[in-house]
Amino acid sequence: MEVQKEAQRIMTLSVWKMYHSRMQRGGLRLHRSLQLSLVMRSARELYLSAKVEAHEQTEVPSLPARSPDPRLHPLREAQAAAEAASPDGEQPCSEPMDTQEAPRAEETPARCTPHPAKVSRKRRSSSLSDGGDAGLVPSKKARLEEEAEEGASSEVPDRLQPPPAQAEGAFPNLARVLQRRFSGLLNCSPAASPTVSPPACEGKPACRPADNMLNVLVRAVVAF
Amino acid sequence: MFLKFSPRAMFYGAGGGNDIQWCFSQVKGAVDDDVAEADIISTVEFNHSGELLATGDKGGRVVIFQQEQENKIQSHSRGEYNVYSTFQSHEPEFDYLKSLEIEEKINKIRWLPQKNAAQFLLSTNDKTIKLWKISERDKRPEGYNLKEEDGRFRDPTTVTTLRVPVFRPMDLMVEASPRRIFANAHTYHINSISINSDYETYLSADDLRINLWHLEITDRSFNIVDIKPANMEELTEVITAAEFHPNSCNTFVYSSSKGTIRLCDMRASALCDRHSKLFEEPEDPSNRSFFSEIISSISDVKFSHSGRYMMTRDYLSVKIWDLNMENRPVETYQVHEYLRSKLCSLYENDCIFDKFECCWNGSDSVVMTGSYNNFFRMFDRNTKRDITLEASRENNKPRTVLKPRKVCASGKRKKDEISVDSLDFNKKILHTAWHPKENIIAVATTNNLYIFQDKVN
């Protein structure tokens, strides 16, 4: 679904920006990091809600699910419009995503699931190649970190071509990584972060007091 | 008898309509399109009389321009600004403990009011504030007994008479010397400095803390605001700007990344963690979007000269607040509302993080701020008219009146209008300054400084 793809794209973009901001002179900037993490959180919420919507829609096509987040209401309208197959391509400016995007109304729910992750993986690479971060896609990094934690070791390129069944699962890894990492921001019960061990000296970019949050954010994007 | 200042321009000072016409006066800086990063202007500030104009750049340099004495015969032009002094204020440093490079970029310059022949200003980078003394030397002593004029020592045995050295005129030399260095007080990046109306103390603000300094004392400062949470994972907002009230030496405000402004009274307690007033406008639900949170971040806050109002700048608008009313601004001006539908693209190219500043004119009747495509905007609070002008070398004949510009948001583009998609987002005007008494404005593009004046008939 378009919304899911867009959310994925923005999440990946944010992760890339966070990584890139480490390289800047002057180090990580707290305000910028905070803003990026806010966008990441919104994108993640959007992605997960859209995913929930998609699942519910395949079960109950007529009723769009209720969501507590008012931010998602414009999306629900968009989806309702899509379901009603209205030909209108022009979305109101309350549409959270860029209205320059291809008209979402034309997407039918039926088209949403088959290979969204695979398509989005392609999109992700292409959007990142502009950034000049040759080769290394944050999703790869996040997945590598997952695997590193699980103790698995495998080649990076192999992981890039997962079969479709796994592709669906591949992206949620990033979402899960971010979910775990940003649990503090989401005010959930604090996820245990024993996996976040004291950082190695050379990997440490931020002011020491600026700390846990930044370390957490940084570690989410740096696999090695 | 020629009037020095046209009273019409002085007191009406309108930004739009027929009341005032802005003319190109000067442009400073390199002409070529290839911008050296060190030349990027990062701050612009007039001194209290308006005679001096200081700029800071990314390379850590400060350049001060001085207005020429007005030509009394030709009253149709005000004095030009020429380079008065240039010095290296900050150098890049390296924090070995944190493995961090500290940028030399000058974040802010603030002038002290003039007390004697010398001028003083505060300049700051991310970590260190410096007090600079700028003084003129136009005489030098000559006629030493033991030294030659070039400084070589004379052989004492050749001295047969004694003379008293005397001061003789010399070519004007402007010297800048650092008088105080206020360092090691900020863990995070300094975003603001503001001199108190007592002219003895000043504040410096970083992302999480605000410190109060005495201008004479460099080895300690008082922490007056600290919003760092015990657990950094709970961090939800940072301080984005801070300023002292122009008249009340106990009052200051600071703005946050969440779009709120807190007014604090230092008499209430030593640590001003509890605000006296909280200025916040409820979010308009129809404008709620994915990026609402980050575009509500306030990038600049400025008190009016009167001290009755304050102005805040967020990504899309300028708001004027009455200090007596906390629940909403009294005026809101849209700077570039046509960008609201482009926020996603602006996030991709990082423009959404641009920090625009804003400024008042001397009489607090007009406010000004920058935009993209080298456009800047003025809003007249009395007539409610606004105008968009462009800082461009194309109109660079002195006294050429600037033509108002218009951005076409959607639909058919009229002649002379510019469509949103053709705006150059690399050409941004983040820093502007207005002369405290006259209608002279300084507008900084990426690496050029433009000076515009109103047309004096």
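This report describes the helices of chain A and several strands of chain B in a predicted model.

Residues are numbered from 1 along each chain as its sequence is written, and chains are lettered from A in the order in which they are written. Because the model is predicted, local features need pLDDT of at least 70 and side-chain atom pairs count only at pLDDT 80 or more, while totals for chains, interfaces and linings use all residues; side-chain values use heavy atoms, with hydrogens and water left out.

**Chain A**

Chain A has eight helices and zero strands. Helices (H or I, at least four residues) and strands (E, at least two) are DSSP runs, numbered from the N terminus. Of the 224 residues in chain A, 50% are buried, where buried means under 20% relative accessible area with a 1.4 Å probe, counting protein chains only. The accessible surface of this chain is about 10600 Å², and carbon and sulfur atoms hold 56% of that surface; such areas come from the Shrake-Rupley method with a 1.4 Å probe. Among contacts in chain A between residues at least 6 apart in sequence, 67% link residues at least 24 apart. A contact means heavy atoms within 4.5 Å.

Helix α1 (residues 2-22) and helix α2 (residues 30-59) of chain A have axes that come within 8 Å and cross at roughly 155°. Axes are lines fitted to C-alpha atoms, for helices over the stretch in contact, and angles run from 0 to 180 degrees between N-to-C directions. The two helices α1(A) and α2(A) are therefore roughly antiparallel, a term for angles over 145 degrees. Residues that make the contact include Ala7(A), Met11(A) and Met18(A) of α1(A) and Leu36(A), Ala43(A) and Tyr47(A) of α2(A).

**The open sheet of chain B**

In chain B, four strands form an open sheet in the order β12-β13-β14-β15, with antiparallel pairing. Strands β12 (192-195) and β15 (217-226) of chain B stand at the edges with a single partner strand each, so one side of each has no neighbour in the sheet. From one strand to the next, the twist averages 25°.

Strand β13 (residues 201-205) of chain B has five of its five residues buried, so the rest of the structure largely encloses it. Thr201(B), Leu203(B) and Ala205(B) lie on one side of β13(B), and Tyr202(B) and Ser204(B) on the other. A hairpin with five residues between its strands is formed by β12(B) and β13(B), and Tyr199(B) in the turn has a positive phi of about 60°. Another hairpin, formed by β13(B) and β14(B), has three residues between its strands.

**Strand β32 of chain B**

Strand β32 (residues 449-454) of chain B is largely enclosed by the rest of the structure, because six of its six residues are buried. Leu449(B), Ile451(B) and Gln453(B) point one way from β32(B), while Tyr450(B), Phe452(B) and Asp454(B) point the other way. A hairpin through four residues joins β31(B) to β32(B).

**Strand pairs**

Two strands pair if DSSP finds at least two bridges between them.

| Strand pair | Sense | Bridges |
|---|---|---|
| β12(B) and β13(B) | antiparallel | four bridges |
| β13(B) and β14(B) | antiparallel | five bridges |
| β1(B) and β32(B) | antiparallel | six bridges |
| β31(B) and β32(B) | antiparallel | five bridges |

Individual bridge partners can also be named. Ser194(B) has Leu203(B) in β13(B) as its partner, and Thr201(B) has His214(B) in β14(B). For β32(B), Phe452(B) is the bridge partner of Ile441(B), and Leu449(B) stands opposite Lys28(B).

Note on methods:
Parallel < 35°, antiparallel > 145°, perpendicular 65-115°, else oblique.
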